[in-house]
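This report describes selected features of the structure shown below.

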2 protein chains.
Amino acid sequence: MITMKQIAERTGVSVSTVSLVLNGRDKGRVKSEIARKVRNTAKTLGYRPNPMARSLRTSKTGMLGFISQEVATTPYAGAIIQGAQDAAAERGYVLLTVSTDGGVREAEQIQALKRYGVDGFLFAKMYDQDVDLPQALRSCPAVVVNAVERADRCPSIAPDEFLIGYDATRHLIESGCRRVAYLGTTQDLPAQEDRMRGYQAALKEAGLPAGQSLIRLVGFNQDAMDQANDLMDDQHPDGVFCFNDSRSIYLYQAAAARHLSIGRDLNLVGVDNHQVIAETMAPPLSTIELPHYEMGFWAVRRLLAQINPRRVALPLPETRAVLPPLDQAGGVRIHCALIRKGSTRLDAASAPASTSR
Amino acid sequence: MITMKQIAERTGVSVSTVSLVLNGRDKGRVKSEIARKVRNTAKTLGYRPNPMARSLRTSKTGMLGFISQEVATTPYAGAIIQGAQDAAAERGYVLLTVSTDGGVREAEQIQALKRYGVDGFLFAKMYDQDVDLPQALRSCPAVVVNAVERADRCPSIAPDEFLIGYDATRHLIESGCRRVAYLGTTQDLPAQEDRMRGYQAALKEAGLPAGQSLIRLVGFNQDAMDQANDLMDDQHPDGVFCFNDSRSIYLYQAAAARHLSIGRDLNLVGVDNHQVIAETMAPPLSTIELPHYEMGFWAVRRLLAQINPRRVALPLPETRAVLPPLDQAGGVRIHCALIRKGSTRLDAASAPASTSR
DNA sequence: TTGAAAGCGCTAACAT
DNA sequence: ATGTTAGCGCTTTCAA
């Protein structure tokens with residue numbers, strides 16, 4: 001590892017000059033001739049600053065703490081981390097990741113991250129829920145990922161659950177479905193409520209029937225199977241929006257038993273909770289993929305904007321893809337829109353106002 | 001953050017004394033009276049060393065670089081990271097994670113990790129394969145995770161694929177199956193070959209039929225469905241070991257079409273590649289869970305042993321659980337054994353000699 | 001416009 | 001047995 005000292009010696013100047021130049025603070029303070037020389041030798045020697053040494057003076061490490069819960073038990077951690085990483089790398093930041101069970105260990109881990117001098121925190125959950133930012137994080141730059149901070153103590157990046165339900169239902173309607181059912185979950189999740197409201201809003205807007213009997217909240221196994229069968233016999237839906245695609249498996253079975261062909265007699269859209277279903281069931285099932293990668297990505301951008309306000313905001317990417325019509329959509333993964341909260345900057349370019357929380 | 005200097009002032013000694021005491025190097029160099037005092041004030045003040053400052057002198061940061069590929073696309077990253085994290089936390093280490101696509105960016109990311117002074121590297125893959133340790137890592141302490149280093153340039157921790165096939169097949173045999181088939185994959189993976197050999201070894205050992213026609217390598221969708229149907233009609237297996245559980249879905253359908261009940265007429269064991277199948281199909285399907293958490297965990301322990309040989313080795317956990325018989329095994333997740341390579345210490349207590357690579 | 005010097009928190013060689 | 005000093009790589013006054 002080559003140091004400023006070496007550059008200074010090689011160029012015949014002092015370390016402070018090198019520091020000035022290499023930090024871009026040389027305008028009008030260092031002769032441009034010298035500055036050029038310094039930059040040159042730095043380049044040829046392949047100089048890279050030592051972030052540790054730097055942090056000793058600046059108390060900025062270029063590291064972000066990524067705290068996640070339930071990491072080991074869900075398949076989404078990778079995508080969130082990847083997104084976070086990409087946004088971090090863009091700005092030369094790096095991720096210090098810890099995962100906790102939310103207990104005592106959490107406080108310990110946060111302390112550890114603080115000792116290492118991280119410049120800010122990502123607090124990620126593995127499914128959308130309402131959370132309280134841990135006490136130890138309240139006074140630090142932080143962003144909540146894939147969840148919503150209850151008291152708005154910091155910005156949150158979460159999926160737009162309402163829009164998911166709305167989009168999925170519009171998708172079915174535009175594909176010609178007229179009796180659209182909703183297969184939801186009995187679990188008490190914000191996502192359940194909001195997706196259902198999106199579903200209802202889309203039906204209402206289209207002037208289609210939206211009776212309670214088109215809505216079934218189910219668990220797993222026999223219960224789910226029974227309800228899927230009942231839904232088919234009772235309502236004869238021609239489209240079903242499934243809370244997630246592991247629910248859709250029951251509809252496959254129910255449909256098969258009635259000699260109905262999925263993709264022709266019955267269309268399905270499910271929020272992807274496991275790739276394998278789409279992989280094996282494709283093409284008739286359309287899946288909506290939760291924007292895990294994007295949440296990680298935007299959370300970091302949001303956090304960096306908070307840490308380093310002077311820097312120019314990076315452009316916003318497209319946040320909402322148009323759903324392709326069903327007949328060519330088989331198994332296609334669809335990115336849905338994001339909610340962004342707590343940031344005037346980001347809100348400006350944000351997804352259409354939608355919802356609830 | 002409270003510093004050594006403050007402790008020194010408070011106790012009325014010099015910083016070096018504090019350093020000696022707090023690093024446990026005070027035996028015979030510092031009067032125990034003073035040492036006690038120092039330790040006391042450190043404790044009451046809640047002193048925690050600043051790893052950055054320390055690293056400036058020692059070039060040991062207490063950080064490990066975790067490099068992973070294909071992180072975003074598989075559901076296993078979380079578990080591996082979690083395991084790595086737990087083993088790291090145990091020793092006060094922390095993980096600096098980056099993910100790469102294996103291209104130019106990889107070298108860059110590795111450089112970044114080096115600048116941050118990580119003490120060693122984990123190089124993780126998301127499915128078992130043969131890899132070459134990146135050039136930039138060859139001269140550093142490193143451990144390959146969920147893959148095997150081709151030239152044995154560093155230790156590797158990977159699933160024991162042979163044992164997986166062997167265990168799964170034994171499981172079926174012990175549950176009473178006599179015609180055990182194998183539903184493998186057409187993909188060219190080390191795991192495919194090795195699991196199949198394990199399967200064959202178990203059949204041979206038990207003196208059961210092991211003809212080639214009991215073995216079907218399949219892809220997805222129609223091909224898989226056709227082969228599953230053909231297997232059923234042609235061979236009438238009473239047990240099937242599936243390369244992974246997303247394959248087993250075809251057997252469910254084939255069995256249903258023949259009014260055979262899975263769990264009674266036909267037993268299945270599949271290597272878990274997605275929890276949802278087990279969740280929705282349970283109980284008749286037994287899944288074997290790949291030891292992702294354990295691999296992460298052991299990789300870090302292995303790496304730390306390499307970095308810090310003087311420390312006492314931590315005890316080895318049980319690496320291989322006994323499979324419960326099928327009638328009470330519905331949906332149970334079974335941890336399989338691990339291969340550990342490149343470490344005499346760990347090899348001593350390793351899983352039964354098994355295999356191949 | 002440049003350099004010398006101090007100091008971030010810590011460790012380690014060298015004096016007492 | 002303890003303190004003094006130097007220095008890790010860098011930033012930042014402060015002088016020149």
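Two residues are in contact when heavy atoms of theirs lie within 4.5 Å of each other. The model discussed here is predicted.

Gln69(A) belongs to strand S1 of chain A, which spans residues 63-69. Is Gln69(A) buried or exposed? Its relative accessible area is 7%, and because buried means under 20%, Gln69(A) counts as buried. When neighbours within four places in sequence are left aside, Gln69(A) is in contact with Thr100(A), Asp101(A), Gly102(A), Glu106(A), Phe123(A), Ala124(A), Lys125(A) and Met126(A). With one of these, Glu106(A), the side chain of Gln69(A) makes a side-chain polar contact at 2.5 Å.

**Surface near DNA strand C**

There are 26 residues around DNA strand C, and those that come nearest are Thr17(A), Gly28(A), Lys31(A), Met4(B) and Tyr47(B). Of the atoms of DNA strand C that come within 4 Å of the protein, 67% belong to sugar and phosphate. The residues of this surface comprise nine nonpolar, 11 polar and six charged.

| Protein atom | Atom of DNA strand C | Distance |
|---|---|---|
| Gly28(A), backbone N or O | phosphate oxygen | 2.4 Å |
| Asn23(B), side-chain N or O | phosphate oxygen | 3.2 Å |
| Arg57(B), polar side-chain atom | base oxygen | 3.4 Å |

Helices H2 (15-22) and H4 (51-58) of chain A, and helices H2 (15-22) and H4 (51-58) of chain B, are the elements that each give two or more residues to the surface near DNA strand C. H4(B) provides the largest share, five residues.

Note on methods: Residues are numbered from 1 along each chain as its sequence is written. Chains are lettered from A and ligands numbered from 1 in the order in which they are written. This is a predicted model: local features need pLDDT of at least 70, side-chain atom pairs count only at pLDDT 80 or more; totals for chains, interfaces and linings use all residues. Side-chain values use heavy atoms; hydrogens and water are left out. A residue is near a molecule or strand if one of its heavy atoms lies within 4 Å of it. A polar contact is a pair of N or O atoms within 3.5 Å; within protein, one must be able to donate a hydrogen and the other to accept it, and residues adjacent in sequence count only if both atoms are side-chain atoms. Helices (H or I, at least four residues) and strands (E, at least two) are DSSP runs, numbered from the N terminus. Ala, Val, Leu, Ile, Met, Phe, Trp, Tyr, Cys and Pro count as nonpolar, Asp, Glu, Lys and Arg as charged, and the others, Gly among them, as polar. Buried means under 20% relative accessible area, exposed over 50%, partly exposed in between (1.4 Å probe, protein chains only).
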